[in-house]
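Subject: Structure handover

Hello,

Here is the structure I promised you. Please look it over first; my notes follow below.

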Amino acid sequence: MSAAMFARNFTRRAVERTLSTKIAPQIGAFRFASTYYTAAHEYITVDGNVGTVGVTDFAQAALGDIVFVDLPEIDDEFEKGESFGSVESVKAASDVYAPVAGSVLEINEALTDEPGLVNTNAEDDGWFIKLEIGDSSDLESLMDETAYKAHCESESS
């Protein structure tokens with residue numbers, strides 16, 4: 001083997017090793033999360049097969065100051081549309097429904113002591129549960145952001 005051919009093969013292997021060990025895992029770990037909405041004002045932000053579920057900003061504004069959030073237990077299973085908890089505010093109490101079927105992986109323990117997180121940041125720090133999605137086809141009947149905004153505008157009229 002000539003020196004030039006050896007150098008080319010050596011360089012190619014070094015580049016392949018670098019790409020496969022340093023860059024590829026980072027690319028594979030990067031995902032785009034998608035958010036979907038129900039007509040009853042729940043949202044689910046999907047990342048892989050895990051969905052983060054809560055009530056929307058529109059819902060929290062309609063409820064007013066939230067004083068209590070009732071959450072399920074980890075490993076509880078719910079069908080799409082089944083109530084998994086409730087929210088109580090100074091104005092009213094409301095059930096919260098699973099936008100998709102799934103099993104509870106995590107609950108937002110912070111809401112136990114600070115239910116007002118739902119008022120200050122409903123679609124971020126105020127999430128309720130994380131679900132392992134049982135059937136991704138459940139997402140097909142939910143609204144995207146544009147459709148949900150139109151839905152809210154029609155309810156406000």
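This is a predicted model: local features need pLDDT of at least 70, side-chain atom pairs count only at pLDDT 80 or more; totals for chains, interfaces and linings use all residues.

Two strands pair if DSSP finds at least two bridges between them. By that rule, E8 and E9 pair in the antiparallel sense, over five bridges.

The cores: the largest nonpolar core has 27 residues. Those touching the most other members are Ile44, Val69, Phe84, Val100, Val118, Phe128 and Ile129. Several elements each supply at least two residues, including strand E2 (42–47), helix H2 (57–63), strand E6 (83–89) and helix H4 (117–121). E9 gives the largest share, three residues.

Take Phe84 as a way in. Leaving aside neighbours within four places in sequence, Phe84 contacts Val53, Asp70, Leu71, Pro72, Phe78, Val96, Tyr97, Ala98, Phe128 and Ile129.

The charges: how many salt bridges does a search of the whole structure find? One. Lys149 forms a salt bridge with Glu145, and the closest N and O atoms are 3.4 Å apart. Both residues sit in helix H5 (residues 145–156), four residues apart, about one turn of the helix. Glu145 is partly exposed, with a relative accessible area of 45%.

Best wishes

Note on methods
Residues are numbered from 1 along each chain as its sequence is written. Side-chain values use heavy atoms; hydrogens and water are left out. A nonpolar core is a set of buried Ala, Val, Leu, Ile, Met, Phe, Trp, Tyr and Cys residues joined through side-chain atoms within 4.5 Å. Buried means under 20% relative accessible area, exposed over 50%, partly exposed in between (1.4 Å probe, protein chains only). Contact means heavy atoms within 4.5 Å. A salt bridge is a side-chain nitrogen of Lys or Arg within 4 Å of a carboxyl oxygen of Asp or Glu.
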